[in-house]
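Here are my notes on the model, point by point. Please keep the structure open while you read.

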Amino acid sequence: LGNLASVEDLFLDANQLSGTIPSELGNLTRLRELSLRVNQLTGTIPPELGNMASLARLNLFSNELSGTIPSELGNLARLFRLHLNENE
């Protein structure tokens with residue numbers, strides 16, 4: 001997925017995805033919205049997501065994510081919607 005440089009919106013909601021969020025998603029610098037809600041994703045939020053300069057909406061709620069919110073998400077100047085509820 002990290003090689004899809006032209007993708008602007010990526011919705012993978014409610015697909016029973018498991019495992020960790022790939023750090024390669026941080027390569028999608030044109031992405032405006034990333035929605036991975038209602039899956040079984042585990043681990044932490046990759047700090048590389050802070051590289052997605054165009055990201056305005058990040059939906060990661062209703063997974064099994066744990067840990068702290070990476071400070072790198074503070075680099076997302078266009079981010080106005082962040083949903084992280086219903087995680088570990």
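1. Glu86 sits in the segment after β7. This is a predicted model, so treat each value below as computed from it. Glu86 has a relative accessibility of 55%. The cut-off for exposed is over 50%, so Glu86 counts as exposed.

2. The backbone at Glu86 deserves a look. Its phi is positive, about 60°, and Glu86 is not a glycine. Most residues other than glycine have a negative phi.

3. Val38 is another case of this kind. Val38 is not a glycine, yet its phi is positive at about 55°. The residue lies in the loop between β3 and β4, the latter spanning 40-43.

4. Is Ser35 buried or exposed? Its relative accessibility is 1%, so Ser35 counts as buried. Ser35 belongs to strand β3, residues 33-35.

5. What does the side chain of Ser35 meet? A polar contact links it to the side chain of Asp13, at 2.6 Å. Leaving aside residues up to four places away in sequence, Ser35 touches Leu10, Phe11, Leu12, Asp13 and Asn59.

6. Thr68 is in the loop between β6 (64-65) and β7 (81-83). With a relative accessible area of 66%, over the 50% cut-off, Thr68 is exposed. Thr68 and Ile45 are 23 residues apart in sequence. In space, their C-alpha atoms are 7.9 Å apart.

7. Next, the fold as a whole. The protein chain has zero helices and seven strands. Along the sequence the pattern reads β-β-β-β-β-β-β. Of the contacts between residues at least 6 apart in sequence, 49% join residues at least 24 apart.

8. How does the radius of gyration of the protein chain fit a compact globule? For 88 residues, such a globule would have a value near 12 Å; the protein chain has 12 Å, so the two agree. Along the principal axes, the C-alpha atoms fill a box of roughly 30 × 25 × 20 Å.

9. Buried residues are 34% of the 88 in the protein chain. The accessible surface is about 5,000 Å², and 46% of that belongs to carbon and sulfur atoms.

Note on methods: Residues numbered from 1 in each chain as written. Predicted model: local features only at pLDDT ≥ 70, side-chain atom pairs only at ≥ 80, totals over all residues. Heavy atoms only, no water. Helix = DSSP H or I, 4+ residues; strand = E, 2+ residues; numbered from the N terminus. Rg over C-alpha atoms; globule rule 2.2 N^0.38 Å. Buried < 20%, exposed > 50% of the residue type's maximum accessible area, 1.4 Å probe, protein only. Contact = heavy atoms within 4.5 Å. Areas by Shrake-Rupley, 256 points an atom, 1.4 Å probe, with all protein chains shown as cover. Polar contact = N/O pair within 3.5 Å; in protein donor to acceptor, adjacent residues only side chain to side chain.
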